Every structure is written in C-alpha cells, then in structure tokens.
Amino acid sequence: MTNTLHRYGSSDSFNDDYIVFAIPARGINDKDSVEKQRRFLEIARKHHPVNMGDASHGAIFRPSKELNPTVHWRRELAPDFDTVVNCVSCPSTVAAVFNDPDHVVAFIKELKKAGLGLSINISAALDKAQECARRAGLERHSVEYSLGFFGQTDRMADRQTLELATMCGHGMLSFNFVRKLVEWVKQGRRSPQQASATLARFCSCGVFNPARACRLFEEAKK
Amino acid sequence: MHIDQQKCVACGNCVAICPMGAISIDSVKNRAYVNADECVECYTCFRGMSMERLNPTLVRGIRRLLKIFRLRFDPEPDVCPTSAIAPDELTWPRVVRRAFSDPVVTHESTGVHGRGTEEVKTNDVTNRVGVGEVGYVVEFGRPTVGVRFRDIEKMTRALAQMGIEFEPKNPVTHMMTDKKSGKIRDDVLNEKILSAIVEFKTRIENVPAVLHRVDEVSKTLDTVVAVGVSTRCDESGGSALDTVLSGEGFSFVRGKTNLGLGRVSL
C-alpha cells in the first residue's frame, strides 16, 4: 500500500502536508494491537490533526447512506473524530494528517513517551520529515523515496488536478470529479471548505489533507 | 457494479465520480449505465457516494417540472438521490478486479488492505530490507489510469530476465504461475484493475540497472507506472541511496520515513 507515497506537487506544495501513521507488522506484533492503534488516534487528536482515519473503518469525513433532502442546502461539514477512535476493531493502519510541523513534532514526542511499539512513519517531503524526527529526538530507521511517474504520463491530468487527486493514493478521486469541483469553486457554487470536505469523504483511509486541498482550491480561484 | 434502471433518475452525479470513466448516461433511455469492461469494481461509486432513498418517480417528476420552468437545482455532487448503485456478485476472474481496486478489501495473500505489502513501513520490526539492500515498489495504473494484467506481465517478465526474485507476500506475485519467469496466469491477463504493485529487492549496486530497465519497459505499456525505492538508514539517519539516485538523475522530494519506534513484541 503506497497510498501516500506518490502525492503530486513541488517541495513547497508539501509545506502543509504531513501524514503520521502507525502500522502493526502482520504475524509479529499485530496481536493486541487494537488498543495501541486507538491510543495512537487519541494522542493524535490532541495535536490538531486536519484528518484522521483507520484504513478498515473510515475517516473523520465519511459518506452517509441515509441522507435526507435538506442536505442539499445544509450539509454537515464538522469532522467526526469520536467515530474514528471508537470504530478501531482489528489490526490495521491508522493515520493522522497535520498541516503544521510543530504539531507533528509534539505528536511524535508524545508517541515516543507512550511506547506503543507499533511502527510509526511520517509521509511527507523527505527533508521535512527528517527535520521533524530530529526535533523529536529520533533518527530515521528506514526511508522510502517516491521517484515519480514513468510510462504514459500524457494520460495523467494537469498539475492542479493531480495535486488534489493524488491525495487519495488509492485512486478513489477521479480526475473528472476533481475538475468538476475546481470549476464549481471558481464559479462560486461551492466554497473551498465545502469542496475539500466533499473530496475527503471519498478517502476511506483518512490520509486526504483537507487543509492543503482548501489552499489549492483557493489558489485555483485566483 | 450496475445501476438499477428502475431507480436511476439520470442526475449524472455518478458519471464524474467514477475513476475509470466507466459510467455514462444513455440519452435514449435517460438512465446511467456502467461499461462492465472498463469498470474495475473499485466501489468508489457505491461506497464513496452518499445516498438518499427518494422515490424515483417523484424525483423524475420534480426534475421534469424544473426543466419546464427552466429552473436549475444545484444538488450535492456526491449524492445518489435514489440509491440506484448496486454491486454485482463477483465470480472468478472478475473478483480479481475488486481485490486490486477496492482499498477496503483485504488481500487473502497478504492480509493487508490495499495493493502491496507493509514495504519498509514495518522495517524496524521485520528488517525486510536490510543494510545494503534496496526495496522496490513498482506500481501500475496509478494515478487513476488503470491497468490490465497483460501490461503488468510485460514488466514482470522483463524483471525476471534480470534475475529478480519477487516478494512472495505480494498480491501480484500470488497471481504468477511461474515466479522465475514472471508469468501471470492466463485467465486474469485481460482483467482491468485500478492499480497493482510489484515488489522485490536487490543489492544497492544493482539500483541503476533495475531502474533503467523499469523506465524502458514502462514506455511500452499502455499505462503509467509510479516507482518507489526504499532502504535502511545508518545510525545517523543517512541513506546511501541519496547519492545513487542523484547520480542517476532521479529527483526525489517526497517519501516515507520510518521512525524506528516499532518493537517485536507489544
């Protein structure tokens, strides 16, 4: 699962994009990991994440199967952190997304103290992740690099669409849907916050960054 | 996946949602339909869209009325008003599409959600990629282009000729009938999926040759290929791959950093 590795953008574009996730190793330390995963999310919540999720059960923004027609005039945009924490029930990847490196450092320091024993990773610009690790008193153990895209890259979308669509690495955000929302924001039919929340609902892992999306929608308006 | 023709009101919301562009509106029947050959069973429409359970006849009537008076209603773009999207019961080999496209489904072969393994995310516990070694994740079809297994097989065969040994716990390896030659089973070769990852590792000195081969073969495929490489860092957090990749002209900005906080026993 490389769902956060290949986000599209320049180095500056990742200044507000940090995903910290915890994962148990199958067959090694996944027994009794559920409580540790829940603890990870509870600690994360204290440090102002902009998104949070459990790959098995969904994120703080999620679709509803029982809407009523008033939703077209008054859609609930408030994140639901409680459901994410309470729904953890099996070994899985749990993630929290931050838009401020200071919050990441504070979160990692607290994780270090908590000693959960799960593998903790930061997915971000490599230099910024290393800086966060060092500020928290850690050196990185292993590192994975994104080398970008090979092959028929002309089949990919434009830069603006890719920056938004690749925030769900599992490909749940279609290029057409992203373009549609960019147009709606430009036309004033939706606010950047509404458009970001709409996209976030499609990312069940909770690694979509609504704060970065908001910024990208604002930039698109100009 | 299919659209229930009794329920569909042709609002068109699901058309833009589909990552593969497999949903269209039939202008004669005035209903949405799914192109089964292009659909990868990712469940984005079924799971990602919110649902209302409105009466289809009522919704069609209101839409007709609005059209007569030339009034435009601006509905939420991620809502199916009549819950018309319905999954099919999948059988072999079509079931492979969902296994490789829906991130909520756990691969039987790996026990992991998504399309690969734990890579180096748990390397602090597994030591899968040791000192002097490099792990590769070669992913096909992302972002949102899709791929058929026959294209993946071109790459696995080319890599096998270099003596690559594929990661045994990876779902694509699980689809091979001959791991030495990279041959993938015939009955899935035409199946289209959202993406799949081929994983393997080599010694660090083999990185340039492998990456250039991946680049060459990628150009012959009808899809995009996203490549990641990983390694274990030294005690001061340094990575020997920095020099190798820079020397080969690869630029890298983003990645995953394992902080080494994992323990074998919780």
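Guide: The model is predicted, with local features needing pLDDT of at least 70, side-chain atom pairs counting only at pLDDT 80 or more, and totals for chains, interfaces and linings using all residues. Residues are numbered from 1 along each chain as its sequence is written, and chains are lettered from A and ligands numbered from 1 in the order written.

Visitor: What makes β7 and β13 of chain B a pair?
Guide: Strands are DSSP runs of E, at least two residues, numbered from the N terminus. Two of them pair if DSSP finds at least two bridges between them. β7(B) and β13(B) have 7 bridges, antiparallel, so they count as paired. In one of these, E139(B) partners A226(B).

Visitor: Why are β3 of chain A and β12 of chain B called edges?
Guide: The open sheet has 10 strands, runs from β3(A) to β12(B) and pairs antiparallel. Each of those two has a single partner strand, so one side lacks a neighbour in the sheet.

Visitor: What is the angle of helix α4 of chain A to β5(A)?
Guide: About 135 degrees. Angles run from 0 to 180 degrees between N-to-C directions, on lines fitted to C-alpha atoms, for helices over the stretch in contact. Contact means C-beta atoms, placed from the backbone, within 7 Å. α4(A) lies across β5 and β6 of chain A and β14 of chain B.

Visitor: How is chain B divided?
Guide: Into domain 1 (2-88) and domain 2 (107-247), with bounds from an automatic or database domain assignment. Their C-alpha centres lie 37 Å apart. The contact takes 5 residues from each domain.

Conventions: Helix = DSSP H or I, 4+ residues; strand = E, 2+ residues; numbered from the N terminus. Contact = placed C-beta atoms within 7 Å.
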